[in-house]
Amino acid sequence: MLKKTFGELINITTAAILVICMLMAGYLIFANVYHSKELTNVYLIREGEITKQQKYVAEVDKLTTKLAALSFEKFGQTDKKIYYQMIQIDLNKCMEQFKASTYYMNLQSIDALTNYRLSNSFSNNIYGECLRGQFMSINNVITESIHKDEEMKTLMLAFDQTILNINNSNELIRNILIGNSTYSFTTFDTRMTLYNENKILYNAIAENYNLSLNIVSSLINHIAIVAEGEV
Amino acid sequence: MKQVLNVLLNIIKVVLLLVAMGLMFYGLLITYKRLSKPVTEAIPILLPFVLLLIAFVINFMTKQKIVNRNLFYNTTAVLVLAAVTFVCYRAKFDSNMMLYHKYGINYNPSYLSDNIGTIKLLVYLLFTSNVFLMISAKLSQPKKEIIKEVKEDLIVEHKDLEIKEEPVLENRDLEIKEETVNA
(Lines give C-alpha, C1' and ligand atoms only; values in the text may rest on other atoms or scores of the structure.)
Protein backbone atom coordinates (compact mmCIF):
# COMPACT_ATOMS: atom_id res chain seq x y z
CA MET A 1 0.00 0.00 0.00
CA LEU A 2 2.77 2.42 1.07
CA LYS A 3 4.80 1.39 -1.95
CA LYS A 4 1.87 2.07 -4.24
CA THR A 5 1.27 5.53 -2.70
CA PHE A 6 4.97 6.33 -2.98
CA GLY A 7 4.98 5.24 -6.60
CA GLU A 8 2.00 7.45 -7.40
CA LEU A 9 3.63 10.38 -5.61
CA ILE A 10 6.74 9.95 -7.74
CA ASN A 11 4.63 9.78 -10.90
CA ILE A 12 2.81 13.02 -10.00
CA THR A 13 6.12 14.76 -9.16
CA THR A 14 7.66 13.63 -12.46
CA ALA A 15 4.65 14.93 -14.39
CA ALA A 16 4.82 18.26 -12.53
CA ILE A 17 8.57 18.60 -13.25
CA LEU A 18 8.02 17.83 -16.92
CA VAL A 19 5.23 20.42 -17.16
CA ILE A 20 7.49 23.07 -15.57
CA CYS A 21 10.32 22.10 -17.95
CA MET A 22 8.03 22.31 -20.95
CA LEU A 23 6.72 25.77 -19.96
CA MET A 24 10.19 27.17 -19.22
CA ALA A 25 11.73 25.77 -22.41
CA GLY A 26 8.76 27.04 -24.42
CA TYR A 27 9.18 30.51 -22.92
CA LEU A 28 12.92 30.47 -23.63
CA ILE A 29 12.37 29.53 -27.27
CA PHE A 30 9.52 32.00 -27.95
CA ALA A 31 11.23 34.91 -26.17
CA ASN A 32 14.45 34.28 -28.11
CA VAL A 33 12.68 34.05 -31.46
CA TYR A 34 10.79 37.28 -30.64
CA HIS A 35 13.96 39.06 -29.55
CA SER A 36 15.96 37.86 -32.54
CA LYS A 37 13.20 39.03 -34.91
CA GLU A 38 13.00 42.43 -33.21
CA LEU A 39 16.75 43.02 -33.50
CA THR A 40 16.70 42.60 -37.27
CA ASN A 41 14.45 45.68 -37.56
CA VAL A 42 15.89 48.23 -40.02
CA TYR A 43 15.01 51.93 -40.02
CA LEU A 44 14.80 53.53 -43.46
CA ILE A 45 15.97 57.15 -43.60
CA ARG A 46 13.14 59.55 -44.46
CA GLU A 47 13.02 62.59 -46.73
CA GLY A 48 13.64 65.21 -44.01
CA GLU A 49 16.58 63.32 -42.59
CA ILE A 50 18.16 62.92 -46.05
CA THR A 51 18.08 66.73 -46.35
CA LYS A 52 19.78 66.99 -42.95
CA GLN A 53 22.46 64.52 -44.05
CA GLN A 54 23.08 66.47 -47.27
CA LYS A 55 23.34 69.71 -45.28
CA TYR A 56 25.91 68.12 -42.99
CA VAL A 57 28.02 66.83 -45.89
CA ALA A 58 27.82 70.23 -47.64
CA GLU A 59 28.83 72.01 -44.42
CA VAL A 60 31.86 69.74 -43.97
CA ASP A 61 32.97 70.42 -47.55
CA LYS A 62 32.43 74.17 -47.16
CA LEU A 63 34.42 74.36 -43.90
CA THR A 64 37.28 72.25 -45.27
CA THR A 65 37.63 74.56 -48.28
CA LYS A 66 37.34 77.67 -46.10
CA LEU A 67 40.02 76.46 -43.71
CA ALA A 68 42.40 75.54 -46.51
CA ALA A 69 42.00 78.98 -48.09
CA LEU A 70 42.94 80.88 -44.92
CA SER A 71 46.22 82.76 -45.18
CA PHE A 72 48.07 84.52 -42.40
CA GLU A 73 50.82 85.99 -44.56
CA LYS A 74 49.74 89.52 -43.74
CA PHE A 75 51.07 89.04 -40.16
CA GLY A 76 54.59 88.48 -41.51
CA GLN A 77 57.03 86.33 -39.54
CA THR A 78 55.44 87.07 -36.16
CA ASP A 79 54.16 85.02 -33.24
CA LYS A 80 50.64 85.88 -34.33
CA LYS A 81 51.17 84.12 -37.65
CA ILE A 82 52.63 80.99 -36.00
CA TYR A 83 49.79 81.05 -33.46
CA TYR A 84 47.03 80.99 -36.09
CA GLN A 85 48.88 78.60 -38.39
CA MET A 86 49.22 76.09 -35.57
CA ILE A 87 45.51 76.39 -34.81
CA GLN A 88 44.78 76.00 -38.52
CA ILE A 89 46.80 72.75 -38.64
CA ASP A 90 44.89 71.36 -35.62
CA LEU A 91 41.54 72.33 -37.10
CA ASN A 92 42.56 70.75 -40.41
CA LYS A 93 43.15 67.45 -38.61
CA CYS A 94 39.69 67.85 -37.06
CA MET A 95 38.11 68.38 -40.44
CA GLU A 96 39.76 65.19 -41.74
CA GLN A 97 37.83 63.28 -39.08
CA PHE A 98 34.58 64.99 -40.05
CA LYS A 99 35.27 64.24 -43.71
CA ALA A 100 35.63 60.52 -42.86
CA SER A 101 32.31 60.57 -41.00
CA THR A 102 30.36 61.67 -44.10
CA TYR A 103 30.28 58.00 -45.17
CA TYR A 104 27.86 57.27 -42.32
CA MET A 105 25.87 60.35 -43.14
CA ASN A 106 25.13 58.98 -46.62
CA LEU A 107 23.50 55.74 -45.44
CA GLN A 108 19.91 55.06 -46.45
CA SER A 109 19.01 52.39 -43.88
CA ILE A 110 19.99 52.10 -40.23
CA ASP A 111 20.10 48.98 -38.10
CA ALA A 112 21.40 48.50 -34.56
CA LEU A 113 24.89 47.53 -35.75
CA THR A 114 25.21 50.67 -37.94
CA ASN A 115 24.18 52.82 -34.99
CA TYR A 116 26.77 51.08 -32.81
CA ARG A 117 29.53 51.62 -35.39
CA LEU A 118 28.42 55.21 -35.88
CA SER A 119 28.51 55.84 -32.16
CA ASN A 120 31.93 54.13 -31.83
CA SER A 121 33.29 56.15 -34.73
CA PHE A 122 32.05 59.33 -33.08
CA SER A 123 33.65 58.36 -29.80
CA ASN A 124 37.04 57.44 -31.35
CA ASN A 125 37.38 59.94 -34.20
CA ILE A 126 35.28 63.02 -33.53
CA TYR A 127 35.47 63.05 -29.72
CA GLY A 128 38.80 61.29 -29.18
CA GLU A 129 40.83 62.70 -32.06
CA CYS A 130 39.23 66.09 -32.60
CA LEU A 131 37.33 67.39 -29.56
CA ARG A 132 39.88 65.97 -27.11
CA GLY A 133 43.16 65.54 -28.97
CA GLN A 134 43.27 68.53 -31.31
CA PHE A 135 41.44 70.83 -28.88
CA MET A 136 44.02 70.02 -26.22
CA SER A 137 46.70 71.00 -28.70
CA ILE A 138 44.83 74.26 -29.47
CA ASN A 139 44.56 74.95 -25.73
CA ASN A 140 48.32 74.43 -25.41
CA VAL A 141 48.92 76.91 -28.23
CA ILE A 142 46.62 79.45 -26.55
CA THR A 143 48.29 79.18 -23.14
CA GLU A 144 51.90 78.91 -24.30
CA SER A 145 51.94 81.50 -27.09
CA ILE A 146 53.15 85.06 -26.54
CA HIS A 147 50.31 86.29 -28.71
CA LYS A 148 47.08 86.60 -26.71
CA ASP A 149 43.68 86.12 -28.34
CA GLU A 150 41.14 86.52 -25.50
CA GLU A 151 38.14 85.82 -27.72
CA MET A 152 39.62 82.46 -28.75
CA LYS A 153 40.27 81.63 -25.10
CA THR A 154 36.65 82.48 -24.16
CA LEU A 155 35.32 80.38 -27.03
CA MET A 156 37.38 77.37 -25.95
CA LEU A 157 36.22 77.70 -22.34
CA ALA A 158 32.58 77.99 -23.43
CA PHE A 159 32.85 74.80 -25.49
CA ASP A 160 34.25 72.72 -22.61
CA GLN A 161 30.83 71.98 -21.07
CA THR A 162 29.20 71.38 -24.47
CA ILE A 163 31.90 68.86 -25.40
CA LEU A 164 31.39 67.08 -22.08
CA ASN A 165 27.62 66.92 -22.69
CA ILE A 166 28.12 65.58 -26.19
CA ASN A 167 30.38 62.82 -24.88
CA ASN A 168 27.90 61.91 -22.12
CA SER A 169 25.12 61.72 -24.67
CA ASN A 170 27.21 59.43 -26.88
CA GLU A 171 28.09 57.19 -23.93
CA LEU A 172 24.40 56.91 -23.06
CA ILE A 173 23.57 55.92 -26.65
CA ARG A 174 26.29 53.27 -26.60
CA ASN A 175 25.00 51.84 -23.32
CA ILE A 176 21.46 51.67 -24.71
CA LEU A 177 22.78 49.86 -27.78
CA ILE A 178 24.81 47.40 -25.70
CA GLY A 179 21.71 46.73 -23.59
CA ASN A 180 19.93 45.20 -26.57
CA SER A 181 21.17 41.74 -25.57
CA THR A 182 18.55 41.50 -22.84
CA TYR A 183 14.96 40.77 -23.69
CA SER A 184 11.45 40.18 -22.41
CA PHE A 185 7.92 40.16 -23.73
CA THR A 186 6.69 43.74 -23.67
CA THR A 187 3.51 45.74 -23.88
CA PHE A 188 2.42 47.32 -27.14
CA ASP A 189 3.70 50.78 -26.16
CA THR A 190 7.12 49.52 -25.16
CA ARG A 191 7.26 47.44 -28.30
CA MET A 192 6.63 50.52 -30.43
CA THR A 193 9.43 52.29 -28.57
CA LEU A 194 11.79 49.38 -29.29
CA TYR A 195 10.88 49.43 -32.96
CA ASN A 196 11.66 53.16 -33.05
CA GLU A 197 14.93 52.75 -31.17
CA ASN A 198 17.06 52.70 -34.32
CA LYS A 199 15.48 55.96 -35.47
CA ILE A 200 15.77 57.75 -32.11
CA LEU A 201 19.37 56.69 -31.56
CA TYR A 202 20.39 57.53 -35.11
CA ASN A 203 18.95 61.03 -34.77
CA ALA A 204 20.68 61.49 -31.41
CA ILE A 205 24.05 60.44 -32.87
CA ALA A 206 23.52 62.69 -35.90
CA GLU A 207 22.76 65.55 -33.51
CA ASN A 208 26.07 64.93 -31.73
CA TYR A 209 27.90 65.07 -35.06
CA ASN A 210 26.15 68.34 -35.93
CA LEU A 211 26.91 69.91 -32.54
CA SER A 212 30.58 68.96 -32.82
CA LEU A 213 30.72 70.37 -36.33
CA ASN A 214 29.16 73.61 -35.07
CA ILE A 215 31.89 73.94 -32.43
CA VAL A 216 34.66 73.48 -34.99
CA SER A 217 32.78 75.79 -37.37
CA SER A 218 32.76 78.57 -34.72
CA LEU A 219 36.53 78.31 -34.31
CA ILE A 220 37.13 78.32 -38.07
CA ASN A 221 34.88 81.36 -38.48
CA HIS A 222 36.74 83.15 -35.69
CA ILE A 223 40.19 82.63 -37.21
CA ALA A 224 38.76 83.46 -40.66
CA ILE A 225 37.61 86.83 -39.34
CA VAL A 226 41.03 87.39 -37.80
CA ALA A 227 42.79 86.53 -41.01
CA GLU A 228 40.23 88.49 -43.04
CA GLY A 229 40.52 85.75 -45.56
CA GLU A 230 36.95 84.55 -45.64
CA VAL A 231 36.05 82.70 -48.83
CA MET B 1 2.36 5.76 -34.94
CA LYS B 2 3.15 6.61 -31.30
CA GLN B 3 6.04 4.15 -31.31
CA VAL B 4 7.50 5.63 -34.50
CA LEU B 5 7.24 9.12 -32.96
CA ASN B 6 8.96 7.91 -29.80
CA VAL B 7 11.83 6.37 -31.77
CA LEU B 8 12.21 9.61 -33.72
CA LEU B 9 12.17 11.77 -30.58
CA ASN B 10 14.67 9.45 -28.90
CA ILE B 11 17.11 9.91 -31.77
CA ILE B 12 16.55 13.71 -31.91
CA LYS B 13 17.04 14.15 -28.16
CA VAL B 14 20.39 12.32 -28.18
CA VAL B 15 21.59 14.33 -31.21
CA LEU B 16 20.41 17.62 -29.63
CA LEU B 17 22.10 16.75 -26.33
CA LEU B 18 25.43 16.16 -28.07
CA VAL B 19 25.08 19.38 -30.14
CA ALA B 20 24.06 21.44 -27.08
CA MET B 21 26.96 20.00 -25.07
CA GLY B 22 29.40 20.80 -27.85
CA LEU B 23 28.16 24.38 -28.30
CA MET B 24 28.12 24.97 -24.55
CA PHE B 25 31.66 23.64 -24.17
CA TYR B 26 32.82 25.85 -27.06
CA GLY B 27 31.18 28.92 -25.47
CA LEU B 28 32.70 28.21 -22.08
CA LEU B 29 36.11 27.60 -23.64
CA ILE B 30 36.02 31.01 -25.38
CA THR B 31 34.70 32.82 -22.29
CA TYR B 32 37.20 31.27 -19.89
CA LYS B 33 40.07 31.84 -22.32
CA ARG B 34 39.14 35.54 -22.53
CA LEU B 35 39.07 35.79 -18.74
CA SER B 36 42.27 33.68 -18.42
CA LYS B 37 40.44 31.28 -16.12
CA PRO B 38 41.11 27.51 -16.02
CA VAL B 39 38.52 25.49 -17.97
CA THR B 40 38.21 23.09 -15.02
CA GLU B 41 36.06 25.74 -13.34
CA ALA B 42 33.43 25.09 -16.02
CA ILE B 43 32.83 21.51 -14.76
CA PRO B 44 29.78 22.44 -12.59
CA ILE B 45 28.13 23.95 -15.68
CA LEU B 46 28.76 20.87 -17.83
CA LEU B 47 27.89 18.40 -15.05
CA PRO B 48 24.08 18.29 -15.68
CA PHE B 49 24.76 17.58 -19.37
CA VAL B 50 27.09 14.70 -18.50
CA LEU B 51 24.54 13.30 -16.00
CA LEU B 52 21.78 13.48 -18.60
CA LEU B 53 24.00 11.76 -21.16
CA ILE B 54 24.71 8.97 -18.65
CA ALA B 55 20.96 8.65 -17.99
CA PHE B 56 20.28 8.39 -21.73
CA VAL B 57 22.96 5.71 -22.09
CA ILE B 58 21.45 3.74 -19.16
CA ASN B 59 17.98 4.07 -20.76
CA PHE B 60 19.38 2.67 -23.98
CA MET B 61 21.42 -0.13 -22.41
CA THR B 62 18.75 -1.37 -19.98
CA LYS B 63 15.92 -0.75 -22.49
CA GLN B 64 13.93 1.39 -20.06
CA LYS B 65 10.51 1.24 -21.67
CA ILE B 66 9.04 3.67 -19.13
CA VAL B 67 11.40 6.40 -20.41
CA ASN B 68 11.98 5.40 -24.02
CA ARG B 69 8.28 4.96 -24.74
CA ASN B 70 7.14 8.00 -22.76
CA LEU B 71 5.96 10.52 -25.37
CA PHE B 72 5.54 13.33 -22.81
CA TYR B 73 9.08 12.92 -21.48
CA ASN B 74 10.61 12.64 -24.94
CA THR B 75 8.77 15.74 -26.22
CA THR B 76 9.83 17.77 -23.18
CA ALA B 77 13.44 16.60 -23.52
CA VAL B 78 13.53 17.61 -27.19
CA LEU B 79 11.97 21.01 -26.38
CA VAL B 80 14.44 21.70 -23.54
CA LEU B 81 17.48 20.66 -25.56
CA ALA B 82 16.26 22.64 -28.59
CA ALA B 83 15.98 25.74 -26.36
CA VAL B 84 19.52 25.18 -25.03
CA THR B 85 20.89 24.70 -28.56
CA PHE B 86 19.10 27.85 -29.75
CA VAL B 87 20.54 29.95 -26.92
CA CYS B 88 24.08 28.65 -27.60
CA TYR B 89 23.59 29.22 -31.33
CA ARG B 90 22.52 32.86 -30.78
CA ALA B 91 25.50 33.52 -28.53
CA LYS B 92 27.78 32.56 -31.42
CA PHE B 93 25.92 33.73 -34.51
CA ASP B 94 23.49 36.57 -33.62
CA SER B 95 25.60 39.60 -34.50
CA ASN B 96 22.66 42.00 -34.01
CA MET B 97 23.32 41.89 -30.25
CA MET B 98 25.90 44.59 -29.59
CA LEU B 99 27.65 42.68 -26.82
CA TYR B 100 28.75 40.31 -29.61
CA HIS B 101 30.99 43.12 -30.92
CA LYS B 102 31.97 44.68 -27.60
CA TYR B 103 34.59 42.13 -26.54
CA GLY B 104 36.07 41.64 -30.02
CA ILE B 105 35.96 37.83 -29.84
CA ASN B 106 33.01 37.28 -32.21
CA TYR B 107 31.06 35.73 -29.36
CA ASN B 108 28.52 37.03 -26.83
CA PRO B 109 29.65 35.58 -23.47
CA SER B 110 27.35 37.88 -21.47
CA TYR B 111 24.26 36.59 -23.25
CA LEU B 112 25.35 32.99 -22.60
CA SER B 113 26.06 33.66 -18.92
CA ASP B 114 22.63 35.36 -18.58
CA ASN B 115 20.99 32.12 -19.69
CA ILE B 116 23.29 29.58 -18.01
CA GLY B 117 21.20 29.53 -14.80
CA THR B 118 17.99 28.62 -16.65
CA ILE B 119 19.80 26.08 -18.83
CA LYS B 120 21.36 24.32 -15.81
CA LEU B 121 18.00 24.21 -14.03
CA LEU B 122 16.21 22.77 -17.05
CA VAL B 123 18.81 20.06 -17.67
CA TYR B 124 18.90 19.10 -13.97
CA LEU B 125 15.08 18.87 -13.94
CA LEU B 126 15.16 16.68 -17.02
CA PHE B 127 17.72 14.40 -15.39
CA THR B 128 15.67 14.26 -12.16
CA SER B 129 12.49 13.33 -13.99
CA ASN B 130 14.41 10.60 -15.84
CA VAL B 131 15.60 9.15 -12.52
CA PHE B 132 12.07 9.42 -11.05
CA LEU B 133 10.65 7.56 -14.01
CA MET B 134 13.21 4.78 -13.46
CA ILE B 135 12.31 4.59 -9.74
CA SER B 136 8.63 4.52 -10.61
CA ALA B 137 9.23 1.63 -13.02
CA LYS B 138 11.16 -0.24 -10.34
CA LEU B 139 8.40 0.31 -7.76
CA SER B 140 5.63 -0.90 -10.05
CA GLN B 141 7.58 -4.10 -10.76
CA PRO B 142 6.35 -7.10 -8.66
CA LYS B 143 8.91 -8.81 -6.38
CA LYS B 144 11.07 -11.61 -7.80
CA GLU B 145 9.80 -14.18 -5.25
CA ILE B 146 6.19 -13.52 -6.21
CA ILE B 147 7.11 -13.81 -9.88
CA LYS B 148 8.86 -17.12 -9.15
CA GLU B 149 5.82 -18.50 -7.28
CA VAL B 150 3.43 -17.41 -10.02
CA LYS B 151 5.75 -18.92 -12.61
CA GLU B 152 5.87 -22.26 -10.78
CA ASP B 153 2.08 -22.28 -10.40
CA LEU B 154 1.65 -21.59 -14.06
CA ILE B 155 4.05 -24.42 -15.00
CA VAL B 156 2.17 -26.88 -12.77
CA GLU B 157 -1.16 -25.81 -14.21
CA HIS B 158 0.20 -26.10 -17.72
CA LYS B 159 1.45 -29.61 -16.99
CA ASP B 160 -1.98 -30.60 -15.62
CA LEU B 161 -3.61 -29.27 -18.70
CA GLU B 162 -1.18 -31.20 -20.91
CA ILE B 163 -2.07 -34.46 -19.09
CA LYS B 164 -5.80 -33.86 -19.20
CA GLU B 165 -5.75 -33.00 -22.85
CA GLU B 166 -6.74 -35.75 -25.23
CA PRO B 167 -4.43 -36.27 -28.18
CA VAL B 168 -5.83 -34.81 -31.31
CA LEU B 169 -6.29 -37.47 -33.87
CA GLU B 170 -5.69 -36.76 -37.47
CA ASN B 171 -7.73 -38.22 -40.38
CA ARG B 172 -5.11 -40.86 -41.11
CA ASP B 173 -5.18 -42.08 -37.47
CA LEU B 174 -8.99 -42.22 -37.56
CA GLU B 175 -8.92 -44.40 -40.69
CA ILE B 176 -6.48 -46.81 -39.06
CA LYS B 177 -8.67 -46.93 -35.93
CA GLU B 178 -11.78 -47.72 -38.00
CA GLU B 179 -9.97 -50.49 -39.88
CA THR B 180 -8.87 -52.04 -36.61
CA VAL B 181 -12.45 -51.92 -35.24
CA ASN B 182 -13.83 -53.47 -38.43
CA ALA B 183 -11.30 -56.21 -38.37
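Helices, in the sense used here, are DSSP runs of H or I with at least four residues, numbered from the N terminus. The structure is a predicted model, and every value below is computed from it.

If one takes the contacts in chain B between residues at least 6 apart in sequence, 70% of them join residues at least 24 apart.

The phi of B:Asn106 is near 50°, a positive value in a residue other than glycine. With a relative accessible area of 67%, B:Lys63 is exposed, since exposed means over 50%.

Which residues have the most contacts inside the largest nonpolar core? They are A:Leu91, A:Met95, A:Phe98, A:Phe135, A:Val216 and A:Ile223, in a core of 58 residues. The elements of chain A that give two or more residues to this core are helix H2 (47–69), helix H3 (79–101), helix H4 (112–144), helix H5 (150–178) and helix H7 (197–227). Of these, H7(A) gives the most, with 14 residues. The surroundings of A:Ile223 can be followed in the structure: leaving aside its neighbours within four places in sequence, this residue is in contact with A:Leu67, A:Leu70, A:Phe72, A:Tyr84, A:Ile87, A:Gln88, A:Leu91 and A:Met152. A second, separate core has 44 residues, and B:Tyr32, B:Ile45, B:Val123 and B:Leu126 are included in it.

H2(A) has 23 residues and, at 1.5 Å a residue, should span 33 Å; its end C-alpha atoms are 33 Å apart, so the two values agree. The buried residues of H2(A) are A:Glu49, A:Gln53, A:Tyr56, A:Val57, A:Val60, A:Leu63, A:Lys66 and A:Leu67. An α-helix has 3.6 residues a turn, so residues three or four places apart point the same way. The buried residues of H2(A) pack against strand E1 (43–44), H3 and H7 of chain A.

H4(A) has 33 residues, which should span 48 Å at 1.5 Å a residue; its end C-alpha atoms are 44 Å apart, and this agrees with the expectation. H4(A) also bends by about 40° at A:Tyr127.

How many disulfides are there over all chains? The count comes to one. The bond joins A:Cys94 to A:Cys130, with a distance of 1.9 Å from S to S. The torsion about this S-S bond is about 95°, so the disulfide is right-handed. Because A:Cys94 lies in helix H3 of chain A and A:Cys130 in helix H4 of chain A, the pair ties together parts that are 36 residues apart in sequence. A:Cys94 has a relative accessibility of 0% and therefore counts as buried; A:Cys130, at 0%, counts as buried too. By contrast, A:Cys21 is in no disulfide, and the nearest cysteine sulfur, that of B:Cys88, is 16 Å away. A:Cys21 counts as buried at 0% relative accessibility. B:Cys88 is also in no disulfide, and with a relative accessible area of 1% it is buried.

Finally, the two chains meet at an interface. Here 34 residues of chain A are in contact with 36 residues of chain B. The size of an interface is often given as the accessible area lost when the parts come together. Between chain A and chain B the buried area is about 3100 Å², and carbon and sulfur atoms give 77% of it. Which three residues supply more than any other three of the area that chain A buries against chain B? A:Leu18, A:Met22 and A:Leu28 do, with 18% of that area.

Definitions and conventions:
Residues are numbered from 1 along each chain as its sequence is written. Chains are lettered from A and ligands numbered from 1 in the order in which they are written. This is a predicted model: local features need pLDDT of at least 70, side-chain atom pairs count only at pLDDT 80 or more; totals for chains, interfaces and linings use all residues. Side-chain values use heavy atoms; hydrogens and water are left out. A nonpolar core is a set of buried Ala, Val, Leu, Ile, Met, Phe, Trp, Tyr and Cys residues joined through side-chain atoms within 4.5 Å. Buried means under 20% relative accessible area, exposed over 50%, partly exposed in between (1.4 Å probe, protein chains only). Contact means heavy atoms within 4.5 Å. A disulfide is a pair of cysteine sulfur atoms within 2.5 Å. The expected span of a helix is 1.5 Å times one less than its number of residues. The bend at a residue is the angle between axes fitted to the seven residues ending there and the seven starting there. Buried area is the accessible area (1.4 Å probe) that two parts lose on being put together, summed over both.
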